[in-house]
Amino acid sequence: MPQTEAAKEDPIVIGTSSHVTSLDPAGVYDNGSWAVFSNIYQGLLTFEPGSPVPKPDAAESCAFTSSTLTAYRCRVRGGLTFSNGHPLTAKAVKRSFDRVLRIRDPLGPAPLFANLDSVEARGPLVTFHLAAADATWPSKIATGAGSIVDPAEFPANRLRSENSASGSGPYVLSSYKKRETLTLEPNAAYDGAVTTKGVAVEVRYFETPQDVEAAWNARTVDIAYAGLPAATLAGIDPGDTDVRLSAGNSAEAHYLVLNMKTPRRPMGKAVVRRAVAALIDRGQLAGEVFRHTVTPLYSLVPQGVAGHSTAFFDLYPEADPAHAAGRLRSAGITTPVRIRLGHQNGTAAVEARALKSQLEKGGLFRVELMEERDFTTYQKRSLRGDFDIHLFQWVPDFPDADTFVQPLVGTGNVLDNGYTSAEVDHIVRDTQRFTDRGKAVKQFRAIQDIIAKDVPLIPVWHRQRQVVTRSAVLGGHRLAEDAVWRLWELRRL
């Protein structure tokens, strides 16, 4: 008999603790939001799985217009529309980039566009004029920061707070209830790089990994993304035919960010920061807190990314209170040094308690733990300087070492922790001259040596993104591969 509307297949349900913090691309720079952006908005370019080179999406073509790598031009596809029927034009593209730079929200992605001087729109052509050569520019505009929004919906000078949005991506946002649920339907009018028509998807948001685990055990979600506790992931039986565990190539990195804004605070002194670096026991965190689902990290750029080094391993002993005490004593620092350690709830709280124990060994530090449940509030408090140290997780925007360097330690970085270095900025600009990214490896390692000496942050661990799906759901591995959340690849058997 013919299929009726009532018999339509139920949406595939994803459970996650990685929240959307805003639907406005000018105001957020976090994984939970950008995962959704890659589905409801288009960029001029996008990434295919496993490819480091972005391909056209809303653009027909893009290229640098000169060998100086300071002007980049794209031709926008003809006939594109937002899901509300409004036309997507080169002027809409220009407006989208202009508002990111004009608003410059402290939680937004403007630091990613630090090299952008201006955007020009003429007919179907969009030209980006850069202050200096930047071979990574195509990758930067392929991220969530390059999401194209409707000028009729998004004000030029302020963020939009509505729980709705019209985009031109492979999906249409049909409903959104903040911190609870988000539903997506395939966009029949989509025209771009994605050739696969997706199925309906519902995302359910939970507060902690334990909440995601409860939903998974109750079988109310089909996919668990960025949410299950480490012990649960470590305990998955490879022989369980009902469960698929997928690990991506993307290296999520975890750092301790040190507040250098106020010289009078403890982390304003380099010797104190170096003492902290000598007290961290990464092996204990990886084994006891994360059950070996993460790998110790000793550099700004994670292992597996060209440009990786072992700068912190080379410069500091591991978990050595005697070494740290000697540094503090020689500088005349009175111990215990009182510090405030900021963290979120869930697994981060367990990690914070372990770090407190490590830092307090030998009576060198007295650590006050400061927990913040809401992610946006946590970000604002860290930018305000409420913490001396805070836990920070970074998901790469694109497959290049630049994404771990310029946004984190370049001038105007997203951490806003008081660190600037003219030497680092100079070397970053040098790395961006090379279209052959392998030629920039030496420079990236030099940057990491400087960071290990200056210690504005301390690398702690990294891991591959892991996604768990029921065996009846196909395509879950596509959510683990990189920064693009490819919901259109999901299917039921």
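Biologist: Which residues in α6 meet which residues in α9?
Modeller: The model is predicted. Helix α6 spans residues 270-279 and helix α9 spans residues 321-330. By class, their contact has eight nonpolar, one polar and two charged residues. From α6 come V271, V272, R274, A275, A278 and L279, and in α9 they meet P321, H323, A324, R327 and L328.

Biologist: Are α6 and α9 roughly parallel or roughly antiparallel to each other?
Modeller: Their axes come within 8 Å. They cross at roughly 175°. Angles over 145 degrees count as roughly antiparallel. Therefore α6 and α9 are roughly antiparallel.

Biologist: Is T431 buried or exposed?
Modeller: T431 belongs to helix α13, residues 422-431. Beyond four places in sequence, T431 touches D402, R437, A440, Q443 and F444. The C-alpha atoms of T431 and F444 are separated by 7.2 Å, at 13 residues apart along the chain. Buried means under 20% relative accessible area, and T431 has 0%, so T431 is buried.

Biologist: Why do the buried residues of α13 lie on the same side?
Modeller: The buried residues are V424, D425, I427, V428 and T431. They lie on the same side of α13 because they cover an arc of only 165° around the axis. On the other side, A422 and H426 are exposed. What covers the buried residues includes α12 and α14.

Biologist: How many residues does the largest nonpolar core have?
Modeller: L44, F128, Y255, F365 and L408 have the most contacts inside this core. L408 touches residues including Y255, L300, F392 and W394. A second, separate core has twelve residues, among them V212, A224, L228 and V468. The largest core has 144 residues.

Biologist: Is L69 buried or exposed?
Modeller: L69 is in the loop between β4 and β5. Its phi is near 60°, a positive value in a residue other than glycine. The cut-off for buried is under 20%. L69 has 8% relative accessibility, so L69 counts as buried.

Biologist: What is the relative accessibility of D416?
Modeller: D416 is in the loop between α12 and α13. Its phi is near 45°, a positive value in a residue other than glycine. D416 counts as partly exposed, with a relative accessibility of 40%.

Technical notes: Residues numbered from 1 in each chain as written. Predicted model: local features only at pLDDT ≥ 70, side-chain atom pairs only at ≥ 80, totals over all residues. Heavy atoms only, no water. Helix = DSSP H or I, 4+ residues; strand = E, 2+ residues; numbered from the N terminus. Buried < 20%, exposed > 50% of the residue type's maximum accessible area, 1.4 Å probe, protein only. Contact = heavy atoms within 4.5 Å. Arc of directions from axis to C-beta. Core = buried A, V, L, I, M, F, W, Y, C linked by side-chain atoms within 4.5 Å. Axes fitted to C-alpha atoms, helices over the stretch in contact; angles between N-to-C directions. Parallel < 35°, antiparallel > 145°, perpendicular 65-115°, else oblique. Nonpolar A, V, L, I, M, F, W, Y, C, P; charged D, E, K, R; others polar.
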